[in-house]
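Open the model in your viewer and keep the selection panel at hand. The stops below say what to select and what is there.

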Amino acid sequence: MKPPAFDYLRAETVGEVLDGLAQQGGDARVLAGGQSLMAMLNMRLAKPKLLIDIMRIPELRKIERKTDAVVIGAGVRQADLLAWPDLAEALPLVALALPCVGHMQTRSRGTICGSLAHADPSAEMPLALVALGGEVLLRSARRRRRVAAKDFFAGMMLTARSDDELIEGISLPVINGSRFAFREVARRHGDFAIVACAATKTPSGVRLAVGGVADVPTARDWPRLEGSAVDDALNAFAYELGARDDVHATARYRRDLVRMIGRDLIGEVLR
Amino acid sequence: MSRFKSDARHPIHVSLNGEPVAGEAEPRTLLSDFLRHRLGATGTHVGCEHGVCGACTVVVDGMLTRSCLTLAAQVDGCEIRTVEGLAPAADRLGVLQQAFRRHHALQCGFCTAGILMSLDHYLARNPAPTEAEIRDLLSGHLCRCTGYTPIIQAALEAAAQLASSKKETSDA
């Protein structure tokens, strides 16, 4: 189908975006790479009165390496981050997960922050944000705030962003001396994951984050687990995620994947 | 800042396969429809219209782009390459197109324009691809006729041919 009618605003500064959002509120949507929003418009699942294009604002197109974090601006495309020379060293988990986001033909336009704003429960970037314990940098005409990953995702395709706020960027911590693993199961490479898992070695043990099962990507920390304690912990976690049957997979299959992939990844990072 | 009203048409200027062209578009006009209806470039096909099938894939400023997930307003001032720009002359086919023909890499041809754009873009940057890389690239396209095997064969043959012709030129 074709999108419904809307006004289109090509912003050249962040101030113009914030003014537009302040005036139109819930009737305005921010357009970045368009790989989720344009599909929603074409299917008329979204009917905004105003689209604010942020891709001609140079200051949002930056990837900034700070001492202990990487700040990724709202205009950074997935392909830009994949091509960033420091990616594997600074953000190894993202380097593993990002090639699974969509296809080459969508990563070329889609943005990192756009994927987070869309908040699909099986998407890889929200999972990586939660697994790493990153922050979302929100800004409105009135204020700036930082929201922790676990508080940002409020439900299936719902976030803590207010109608007048722009996701200006995200901050992902650079974690030295850890180990990371990522794996997902999808019908075809590039499809939305049936289950996606990311594991991190933490100072006290291990963290496993799971996408595609609960309404939001969910992380769980455990102290160092031995032997059958791993299976018990994963089994309990798999049930707590509240998997449901749908056209892609049964709840039971999803729990199986959490147990199996979880065990493999925990083994990899604690090896 | 420029604001385009929803109920009006606005001039959009682009470079289409190297030629400067212009047309009018409403804010909601998709690039796919702008190319076909305003600019008459009907080589780009519209399949699913929500970014899944890949038939409408074009290249915008060097980026592979689903033209159905892009507004005409977004590409004002951009360079666009479509399937019409692949052949070296009106009565000749490019190397990739010839390989598609030899290998029967198309049947109905509806998906072909998008696949050619993806492959042309990819082979220019990755002159020696593996079969796995071609398969990964093709995961962004749906073809219901061929089963993909002849497309992969055509792509690999075209890559080898392009690589050897480049070598000859540079040796000369």
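Helices (H or I, at least four residues) and strands (E, at least two) are DSSP runs, numbered from the N terminus.

This is a predicted model, in which local features need pLDDT of at least 70 and side-chain atom pairs pLDDT 80 or more, while totals for chains, interfaces and linings use all residues. Residues are numbered from 1 along each chain as its sequence is written, and chains are lettered from A and ligands numbered from 1 in the order in which they are written.

**Helices 10 and 11, chain A**

On the helix 10 side, pick out contact residues including V230(A), L234(A) and F237(A); on helix 11, they include R255(A), V258(A) and I266(A). Two residues are in contact if their C-beta atoms, placed from the backbone, lie within 7 Å.

**The core**

Next, select V258(A), I52(A), L93(A) and L116(A), which are among the residues with the most contacts inside the largest nonpolar core, a set of 130 residues. Such a core consists of buried Ala, Val, Leu, Ile, Met, Phe, Trp, Tyr and Cys residues joined through C-beta atoms within 7 Å. A residue is buried if 20 or more other C-beta atoms lie within 10 Å of its own, exposed if 12 or fewer, and partly exposed in between. Neighbours within four places in sequence aside, L93(A) touches A128(A), F180(A) and T200(A), among others.

**Where the chains meet**

Show both chains: 30 residues of chain B and 29 of chain A take part in the contact. On chain B, strand 1 (2–4), strand 5 (63–66) and helix 4 (131–138) each give two or more residues to the side that touches chain A. Strand 5 of chain B has the largest share, 4 residues.

**Helix 1, chain B**

Move to residues 31–38 of chain B, helix 1, where L31(B), S32(B), D33(B), F34(B) and L35(B) are buried. These buried residues pack against strand 2 (10–16) and strand 3 (19–25) of chain B. After helix 1 of chain B comes G40(B), with a positive phi near 70 degrees.
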